[in-house]
Structure formats: C-alpha cells, structure tokens
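Colleague: I have a model open beside me and would like to learn how to read it. Could you walk me through its strands and side-chain contacts?

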Amino acid sequence: MKLDVMSKRFLWLLQCLMLLFVGSVMAADDIRTERVQFKKGESSAVVEGKIKGYEIVDYVLGAKAGQSMNVSMATKHTATYFNIMAPGENEVAMFVGSTSGNQYEGKLPASGDYKIRVYMMRSAARRDEVADYRLEMIISGN
C-alpha cells in the first residue's frame, strides 16, 4: 500500500511531536529536588551549589500564607537565575528571575511547599557551562 504525500507528512509530523513530548518528559526528570530545613529557632537557610548545562535544582521549603519570603542568589554566572513556584505549581512561576533579577521579597499568598528553582538560561546551558551559586532563603512573620 502506497501512502500519499499528505499521509507521509502527517506521519512525519506525528513522529516529530512524539520526539518533542518524550524530550520534555525526560527534561522534567532531570530536576533535582532538595528539601530545605531551617535549624531550630532559625528563620533562614543558605545553600551553596553548582549546576552544569541543563541541570535544574528545586529547593523546597514550607511556609504559611501571609508570611514574608526573601530569597536572594549570588553568582558570578550572568545567565543563572531562580524562579519561585507557589504550592501545587510545577510550571507557572510567581517570580521569574530572568526578568526580575536575583532578589525576591514579598508576602506569600498560600500555605504549603514553595519551590525555588535554580536554572541556567538555554544559551549558556547548551554550551554546557558551569555556575556556582549561593542561595539565601528567609521566611518571617506568623
């Protein structure tokens, strides 16, 4: 049975879409997750880390609605940022570092686990660059 030109194009497009889907699922598996625990009596924590290329690290910390969060990142790598995701979010960020900088301060809208996602911009990631960083997280208030 011969396939007409439209059928061949459709099959080719379907294969491309499947490859994109598999690639995005595999990329999501590359996110390393680390729970942040404040020491007893402390309201802040500092982590130092390193990412390379497309590596992503999610730092997860619990907080309550109405508390204040202050997050800052120090890095010499100019294409390394962090985003903040509210509880229950995995994709949409309430703070985007690449457009707002490496400093966030604000009142939290909900109670639960917040993700602070450290990543490198694609232009640097595809060159497999390495970035050292220092991330400070402060939760204060009720």
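Colleague: In which sense do strand 3 and strand 8 pair, and over how many bridges?

Modeller: A word on the source before that: this is a predicted model, in which local features need pLDDT of at least 70 and side-chain atom pairs count only at pLDDT 80 or more, while totals for chains, interfaces and linings use all residues. Residues are numbered from 1 along each chain as its sequence is written, and side-chain values use heavy atoms, with hydrogens and water left out. Now the general idea: strands of a sheet pair through backbone hydrogen bonds, either parallel or antiparallel. Strands (E, at least two residues) and helices (H or I, at least four) are DSSP runs numbered from the N terminus, and two strands pair if DSSP finds at least two bridges between them. Here strand 3 and strand 8 are antiparallel partners over seven bridges. Within that pairing, leucine 61 has tyrosine 114 of strand 8 as its bridge partner.

Colleague: What is the strand order of the open sheet with mixed pairing?

Modeller: The order is 1-3-8-5-6, an open sheet of five strands. Strand 1 and strand 6 (95-96) are the edge strands, each pairing on one side only. The parallel part includes strand 1 and strand 3 (residues 56-63), joined over five bridges; there, arginine 32 is partnered with valine 57 of strand 3. Strand 5 and strand 8 run antiparallel with six bridges between them, and threonine 80 stands opposite methionine 120 of strand 8.

Colleague: Is strand 8 mostly covered or mostly open?

Modeller: We sort residues by relative accessible area: buried is under 20%, exposed is over 50%, and partly exposed lies in between (1.4 Å probe, protein chains only). Strand 8 is mostly covered, as seven of its nine residues are buried.

Colleague: Which strands form the antiparallel open sheet, and in what order?

Modeller: Four strands do, in the order 2-9-4-7. Its edges are strand 2 (44-52) and strand 7, each with pairing on one side only. Neighbouring strands in this sheet are turned by 15° against each other on average, direction ignored; such angles run from 0 to 180 degrees between N-to-C directions, with axes being lines fitted to C-alpha atoms, for helices over the stretch in contact. Strand 2 and strand 9 are joined by nine bridges, and alanine 45 sits opposite methionine 137 of strand 9.

Colleague: On to charges. How many salt bridges does the count come to?

Modeller: A salt bridge is a side-chain nitrogen of Lys or Arg within 4 Å of a carboxyl oxygen of Asp or Glu. The count comes to seven. One of them joins aspartate 113 to arginine 35, with the closest N and O atoms 2.7 Å apart. This pair links distant parts of the chain, since aspartate 113 is in strand 8 (residues 112-120) and arginine 35 in strand 1 (residues 31-35), 78 residues apart. Aspartate 113 is partly exposed at 35% relative accessibility, and arginine 35 is partly exposed at 47%.

Colleague: Why does the salt bridge of lysine 52 with aspartate 128 tie together separate parts of the sequence?

Modeller: Their closest N and O atoms are 3.6 Å apart. Lysine 52 lies in strand 2 and aspartate 128 in the loop between helix 3 (122-125) and strand 9, so the pair connects parts that are 76 residues apart in sequence.

Colleague: Last one: is histidine 77 buried or exposed?

Modeller: Histidine 77 is buried, with 14% relative accessibility, and is found in the loop between strand 4 and strand 5 (80-85). A polar contact is a pair of N or O atoms within 3.5 Å; within protein, one must be able to donate a hydrogen and the other to accept it, and residues adjacent in sequence count only if both atoms are side-chain atoms. The side chain of histidine 77 makes such contacts with the side chains of threonine 80 at 3.0 Å and glutamate 129 at 2.6 Å. Glutamate 129 also meets arginine 127 in a salt bridge (2.7 Å, N to O).
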